[in-house]
Amino acid sequence: MMRINKYLASCGVASRRTADKLVEAGRVKVNGELIDTPGHMVDEEADQVKFDDKLVWPVSEQTWIALNKPAGYLTSRSDPHHDKIIYHLLRDLTSRVYPVGRLDLDTEGILLLTNDGELAHRLMHPRYEVPKIYQARVKGKVAEQTLKKFPAGIELPEGKIGRAKVKIKSSCASYSDLILTLTEGRKREVKHLCRAVGHPVFKLKRLEFAGITCDRLELGKWRHLTKTEVASLRKMAGPERPELSKVKKGDS
Ligand code: URA
């Protein structure tokens, strides 16, 4: 037996967190009955689970891709207010995949997508401290002294963001290019951090996610991850790290 959100994630329908919302929205049926409690348990051997009236089952072959997202594309499945969404760039992909986290509309760079909801969920969880490396062009010349504020943690209205590692790649009088390594994965964290130290971001690119890059991928193109890359994601956040796998109540 397993919780319905975990089951839906293993089917590649959505991350566990989103699956809870799908259940609450009345889009999930078990053995023909609409369910509305995210804690509902299913028997993966015997129960028939439908999402939006289509039968779903756990995927055995998982798809992992890296997209080199251009600025101007929304990280969303559909949005009536945007004519450019990342799925338009994935038209030749046959599997249904969803993003591991998000990049802002104006951010470019590596975005992983998968139907492995379980591992995706872990990679997004701050507990696993998965490194994400960004290059940010910020306003003004950043002083070395300012960099010292980042690892100590910076207080934002949404709470403290800590442990960011930052170095200056280059700078001139009007702007600086910073390389930031973050492990928390909060919404708009790079922009919030840089603004908080007086240097707003005007261009942002994600260079790496969990050690994976899209260095040889043109902007707007995607590729499958190699077996070695998927294995390294599992090593970083898979069940092989039981010491990290116990997610606190309310975290998931
Ligand atoms: N931090 C941001 O501010 N924006 C992104 O798109 C990703 C990280």
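Where do Glu118 and Arg122 lie, and how many residues apart are they? Point 1 takes this up, with the reminder that the model is predicted.

1. Glu118 and Arg122 are both found in helix H3, four residues apart, which is about one turn of the helix. The two form a salt bridge, with their closest N and O atoms 4.0 Å apart. Both residues are buried.

2. Glu118 also has a partner elsewhere: its side chain meets that of Arg16 in a salt bridge, at 2.7 Å from N to O. This pair ties together distant parts of the chain, since Arg16 sits in helix H2 (residues 16-24) and Glu118 in helix H3 (residues 117-124), 102 residues apart.

3. Are Arg16 and Glu118 buried or exposed? Buried means under 20% relative accessible area. Arg16 has 16%, so it counts as buried. Glu118, at 19%, is therefore buried as well.

4. Another salt bridge worth a look joins the side chains of Asp104 and Lys191, again given as 2.7 Å from N to O. Here too the pair links distant parts of the chain: Asp104 is in the loop between strand S8 (98-99) and strand S9 (107-114), while Lys191 is in helix H6 (residues 189-196), 87 residues apart. Asp104 and Lys191 are both buried.

5. Through shared partners, Asp104, Asp106, Arg188 and Lys191 are joined into one network.

Key:
Residues numbered from 1 in each chain as written. Predicted model: local features only at pLDDT ≥ 70, side-chain atom pairs only at ≥ 80, totals over all residues. Heavy atoms only, no water. Helix = DSSP H or I, 4+ residues; strand = E, 2+ residues; numbered from the N terminus. Buried < 20%, exposed > 50% of the residue type's maximum accessible area, 1.4 Å probe, protein only.
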